[in-house]
Amino acid sequence: MPNKIPLTKPFFNEFELEELKKVLESGWVAGQGPKNKELEKEFAEYIGIGHTVCNTNCTTALHLSLLVLGIKKGDEVIVPDYTFPATAHAVLYAGATPVFVDIDPKTFNIDTNKIEEKITSKTKAIMPVHTFGQCAEMDEILKIAKKNNLFVIEDAACAVGSKYKEKFAGSFGDMSCFSFHARKNITSGEGGMIASNNPKLIEDARSMSCFGIESAYARENKFQVPQFVKLGYNYKLSDIAASIVLVQLKRSEQYVKKRNELAEYYNNKLKEISTITVPFVEKHNRHAYQSYIVLLDKKINRNDLIVKLGEKGIQTQIGTYSLHRQPVYQGITDCEEKNFPNSSFVFDHSLALPMYYEMSFDDIDRVVDTLKEVLKE
Ligand SMILES: Cc1ncc(COP(=O)(O)O)c(C=O)c1O
């Protein structure tokens, strides 16, 4: 059998190895070191946002963002129903209740027409997700947030390099959170980042990511024993991981460009299969294609297809999850099936096809030919 085509494959080369060698030799491998500082500066410049703090991952970044905005027990946070559960888990970690909203079946992003009906006197924030690397409708979301006096926390886990109306994902909300997990466009295996234009929020998040210690800036240069002022966490990113993300970040534009070329090739090639719908991209969006997700005709058994493709050396996956169908949220919030038809449909009928920087057009030909073969069986 020819080589397997994986769903995803991070790209590293000698530049990561050189940076790793330097950081290992430097003696500073823990968090809050020079590489964290450098990454925070470069990431902020790339996204076009004032302040950033590195984090262990996007889930902890979301948790801290909610905490520093003062979101707590008794509060509600609006989240899309179709997302990785980390989005709603973070709301529960903060003690608040996630409130699910159905999605637009074309973009897979939160349906902005259905947000206001879910707002109550307890609602404190909207947490849009830029699903698979395509930005949610930020103008509408910001308008609703302003009108109802709500915070906006962007879950930009999949959206490093995504743009909405020429501006980078993560530069719209009060706070935004990114992931450097292995399946993301830029990665250190695990990792995350919080961004905001409000320096106070970022300093609070920095303190909360380091056990709730008082800010190093508050201690100035003279020696002073620091105090632990809050019950914070250990959510720091190691300088080892930060050094890898720094190299990856320099290639972000290159990654997005290649992923768009691959997506375009897929889109053309998949025209040959009438039972497959290719991703829809809003004209004002630059998709980062963290994942390339197609919709299958209802007649196709998606789960069997994943198994059969796997047997022929093509690794595929479902898109992501319908939260209202996860056991963990039952009894906590509205999980009634009738309220989330689009999320449910996409959950059952989406398929993630292989997509990674080093993928070739020949690989795509093989994926699509194998798909055709299996769908004919
Ligand atoms: C939309 C979304 N939010 C949050 C996360 C969590 O990211 P991390 O694995 O960095 O915690 C993911 C991970 O896949 C995600 O897809």
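The buried residues of helix H6 (residues 199-208) pack against strand E1 (51-55), H3, E8 and E9. Packing here rests on contacts, in which the C-beta atoms of two residues, placed from the backbone, lie within 7 Å. Seven of the 10 residues of H6 are buried, so the helix is largely enclosed by the rest of the structure. They are Leu 201, Ile 202, Asp 204, Ala 205, Arg 206, Ser 207 and Met 208. A residue counts as buried if 20 or more other C-beta atoms lie within 10 Å of its own, as exposed if 12 or fewer do, and as partly exposed in between. Helices (H or I, at least four residues) and strands (E, at least two) are DSSP runs, numbered from the N terminus.

The model is predicted; local features need pLDDT of at least 70, side-chain atom pairs count only at pLDDT 80 or more, and totals for chains, interfaces and linings use all residues. Residues are numbered from 1 along each chain as its sequence is written.

The protein contains 11 helices and 13 strands. Its radius of gyration, taken over C-alpha atoms, is 21 Å, close to the 21 Å that the globule rule gives for 377 residues, so the protein is as compact as a globular protein of that length. The globule rule is 2.2 Å times the number of residues to the power 0.38. The C-alpha trace spans about 75 × 55 × 35 Å along its principal axes. Of the 377 residues, 49% count as buried. Among contacts between residues at least 6 apart in sequence, 70% join residues at least 24 apart.

Strand E8 (residues 175-179) is mostly covered, with five of its five residues buried. In a regular strand the side chains alternate between the two faces of the sheet. Both faces of E8 are covered. Met 175, Cys 177 and Ser 179 lie on one side, and Ser 176 and Phe 178 on the other. Strand pairing requires at least two DSSP bridges. Strand E5 (residues 151-155) runs parallel to E8 and is joined to it by three bridges. Here Asp 155 stands opposite Cys 177. Strand E9 (residues 192-196) runs antiparallel to E8, with four bridges between them. Phe 178 has Met 193 of E9 as its bridge partner.

Strand E2 (residues 76-80) pairs with E3 in the parallel sense over five bridges. The chain crosses from E2 through helix H4 (residues 86-93) to E3, and this β-α-β crossover is right-handed. That is, with the strands pointing away from the viewer, the path from the first strand over the helix to the second runs clockwise. The bridge partner of Pro 80 is Val 101 in E3. Strand E3 (residues 97-101) is mostly covered, with four of its five residues buried.

Glu 76 has its place in strand E2. This residue is buried, with 21 other C-beta atoms within 10 Å. Leaving aside residues up to four places away in sequence, Glu 76 touches Ala 96, Thr 97, Val 99, Thr 120, Lys 122, Thr 123 and Lys 124. Its C-alpha atom is separated by 9.8 Å from that of Leu 92, 16 residues apart along the chain.

Three strands form one of them in the order E7-E6-E11, with antiparallel pairing. Strand E7 (167-168) and strand E11 (285-286) stand at the edges, each with a single partner strand, so one side of each is left without a neighbour in the sheet. Strand E6 (residues 163-164) is joined to E11 by two bridges. Tyr 164 stands opposite Asn 285. Another open sheet of three strands has the order E10-E12-E13, and its pairing is antiparallel. Strand E10 (276-277) and strand E13 (350-353) are at the edges with a single partner strand each, so one side of each lacks a neighbour in the sheet. Four bridges link strand E12 (residues 292-296) to E13. Val 294 stands opposite Leu 351 in E13.

The ligand is surrounded by 14 residues, a residue being near if its C-beta atom, placed from the backbone, lies within 6 Å. The closest are Asn 57, Cys 58, Thr 59, Ala 157 and Ser 179. Helix H3 (58-68) and H4 each supply at least two residues of this shell. By type, the shell divides into six nonpolar, seven polar and one charged residue. Ala, Val, Leu, Ile, Met, Phe, Trp, Tyr, Cys and Pro count as nonpolar, Asp, Glu, Lys and Arg as charged, and the others, Gly among them, as polar.
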